Amino acid sequence: MAASLVFRLHDRGPELVREVLLERGWEEYNEGEREEEDWNLYWRGSLFQTSQYHNLLPWQRLNHHPKTVGITRKDCLARNLRRMKATFGSALYDFSPTTFILPNDYTCFLAEYNRLRLARGTSVYWIVKPVDLSRGRGIFIFEDIKDLVYDCSVVIQRYISSSLLISGYKFDLRIYVCVKSFHPLTVYIHQEGLVRFATEKFNLSSLHNLYAHLTNTSINKFGPFYKTEKGRVGRGCKWTMSKFRHFLHSQQINELLLWQRINNIVTLTLLAIATSVPSCPNCVELFGFDILIDAKFKPWLLEVNYSPALTLDCQADISVKKKLVSDVIDMMNYTSTDSLRDRAYRKHRSDVTNHGNSETEAERQHSGETDVSSLTPDTQESEEAFTRPAASWKLPNIYSTKPVRITAEKTTGNGQNIPPVKVGDFIRTFPFNRATLKASQHELDIRTVLQEIQSLTGQLVSGKGHKMKSRREEKVTADKDADTDFDSLLWGPKDPPLISQCFKST
Ligand code: ADP
């Protein structure tokens, strides 16, 4: 019989991951009882060491890609976005508030501070954040430079003082992004997400009041008004994204364009590191993107979290996060049991005790039916494959696999695999058409990707949908097996439409 899948949690958490995996019939790794490598999934809140990627065995998955710090640390994110803006222009890379990294950029900051002070009639505010802290720790806002004090490396960022408010309260969006692969870049965004509110009314004359200016739950759940009814916001400090969609319906805006702009922020941010992240097909990572929307409905990227909180503080958390974790596990493409790990260990044990391999051909065939296909080495049936040192295993490309619980992958006319359009409530947002699929296959062609993003966004802005659609239709007729097999949904709206259908309604 094939073995159950085994998960390993660092420091016994997060509890929600344990709960979801146990419900799915997985077993928890126990150091005393199992051998060092006898697990399928290692989930940790902190980052893995480089050696842990090198020593991965074919049946093992990690919940972080290597070297994503380029977007998850505030100073690295600022540097990378600045570089992308300098290389590719600010037309698309205009979603991050002006940021300086102190102490290095102090002189530049001072010049900008003085320029804005002289040029503008209205006040300009700045927010200071320690580069490697999270959950609102060490953050403060100031208007006058005499209030700027810091004793560690910080980013200083233009404070968005005109944020969109609901019943007078500030909020931001926590968007859950799953990067299935960086090579080729394959990105999914979850349909659900969270809206995180400040718990005191926004007020620029009390910059020190963190309950009014910061939307972190870790801060607001300790606020004096956390449990109070707060107008349309209600009690607590969170909404689900579904509830936010209802709110959006009452606003006179181009909703599709707002969702697409958020979607663009995610892709453009990931593009900033996509070529520098080493390929690791056995990693799938969940990121939390924090997006602030201003009064003109322009979305801004505040930061990217590599370990978004999976604690359950309220009903909104429960309805969003459990399904989210389950969908991330589906994204990893496991079957219900793992015969490969089991066989490797049985072989190893039998070698050690010098009893030879006791597995019969019948057993092997049986276990082959339930194999973790994505983790099968190239020399699938070769016994010596199981005894090779970890570094010599050929890690398979996860796109060469047959997914089990998820929508089946398709292949284009010229043999490119198209990742499923949906995995649970995750929607594939990149690649989103044939051009971006092609541009991401070998050497990532960032310029082509940017052109495609610009063109799609342009269509949503200008509402030239019908025209574009008929042009697309012409193209499809000309190239018969082209776009017909490449459907993409527009992430964001309830019952997301196919991107090609969006233009009907604009
Ligand atoms: P942390 O990692 O500590 O949570 P963030 O960058 O997410 O740091 O900032 C914490 C909170 O501060 C955000 O959730 C948001 O409410 C507020 N904030 C951060 N940057 C800005 C900004 N530039 N303009 C307006 N509000 C901001």
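Predicted model: local features only at pLDDT ≥ 70, side-chain atom pairs only at ≥ 80, totals over all residues.
Tutor: A word on terms before we start: the helices, of at least four residues, and the strands, of at least two, are DSSP runs numbered from the N terminus.

Student: What's the phi of F297 like?

Tutor: The phi of F297 is positive, about 65 degrees, even though F297 is not a glycine. For context, most residues other than glycine have a negative phi.

Student: What about the phi of N333?

Tutor: N333, which is not a glycine either, has a positive phi of about 70 degrees. You will find N333 in the loop between helix 10 (315-331) and strand 17 (337-338), and with a relative accessible area of 3% N333 is buried.

Student: Back to the loop between strand 15 and strand 16: where does D294 belong?

Tutor: D294 is found in that loop, the one between strand 15 and strand 16. D294 is buried, with a relative accessible area of 8%.

Student: How far apart are D294 and S162?

Tutor: Along the sequence D294 and S162 are 132 residues apart, yet from C-alpha to C-alpha they are 5.7 Å apart in space.

Student: Changing topic, where does the ligand sit?

Tutor: The ligand sits in the largest cavity. Of the 24 residues around the ligand, the ones that come nearest are K129, G136, T215, N216 and E303.

Student: What kinds of residues make up that shell around the ligand?

Tutor: The shell divides into 9 nonpolar, 6 polar and 9 charged residues.

Student: Which strands supply at least two residues of the shell?

Tutor: Strand 7 (126-130), strand 9 (154-158), strand 11 (169-182), strand 15 (285-293) and strand 16 (299-305) each supply at least two residues of the shell around the ligand. Strand 15 and strand 16 are also the two elements on either side of the loop that holds F297.

Student: How far is an oxygen atom of the ligand from the side chain of T215?

Tutor: An oxygen atom of the ligand is 2.7 Å from an N or O atom in the side chain of T215. For K74, the distance between a ligand oxygen atom and an N or O atom in the side chain is 2.8 Å, and for D172 the corresponding distance is 2.9 Å.

Student: How much of the ligand's accessible area does the protein cover?

Tutor: On its own the ligand has 540 Å² of accessible area, and the protein covers 99% of that.

Student: New topic: which peptide bond is cis at P103?

Tutor: The peptide bond from L102 to P103 is cis, with omega near 15 degrees. P103 lies in the loop between strand 6 (99-102) and helix 5 (106-119).

Student: And what is omega for the bond from F430 to P431?

Tutor: The peptide bond from F430 to P431 has omega near 0 degrees and is cis. P431 is in the loop between strand 21 (426-430) and helix 13 (434-439). In general, most peptide bonds are trans.

Student: Which side chain does H213 touch through a polar contact?

Tutor: The side chain of H213 is joined to the side chain of Y159 by a polar contact of 2.6 Å. H213 has its place in helix 6 (residues 210-213), and at 1% relative accessibility H213 counts as buried.

Student: What does the side chain of D38 make a polar contact with?

Tutor: The side chain of D38 makes a polar contact of 3.2 Å with the side chain of R34. D38 is in the loop between strand 3 (27-28) and strand 4 (41-43), and D38 is buried, with a relative accessible area of 9%.

Student: Last one, why is S4 called partly exposed?

Tutor: S4 is called partly exposed because its relative accessible area is 23%, and that class runs between the cut-offs of 20% and 50%. S4 is in strand 1 (residues 3-4), and its C-alpha atom is separated by 6.5 Å from that of E27, which is 23 residues away along the chain.

Notes. Residues numbered from 1 in each chain as written. Heavy atoms only, no water. Near = heavy atom within 4 Å. Polar contact = N/O pair within 3.5 Å; in protein donor to acceptor, adjacent residues only side chain to side chain. Areas by Shrake-Rupley, 256 points an atom, 1.4 Å probe, with all protein chains shown as cover. 1 Å grid on protein atoms, 1.4 Å probe; cavity = no way out; pocket = protein on both sides within 12 Å on 5 of 7 lines; lining within 4 Å. Sits in = over half its atoms within 2 Å of the grid points. Nonpolar A, V, L, I, M, F, W, Y, C, P; charged D, E, K, R; others polar. Buried < 20%, exposed > 50% of the residue type's maximum accessible area, 1.4 Å probe, protein only.
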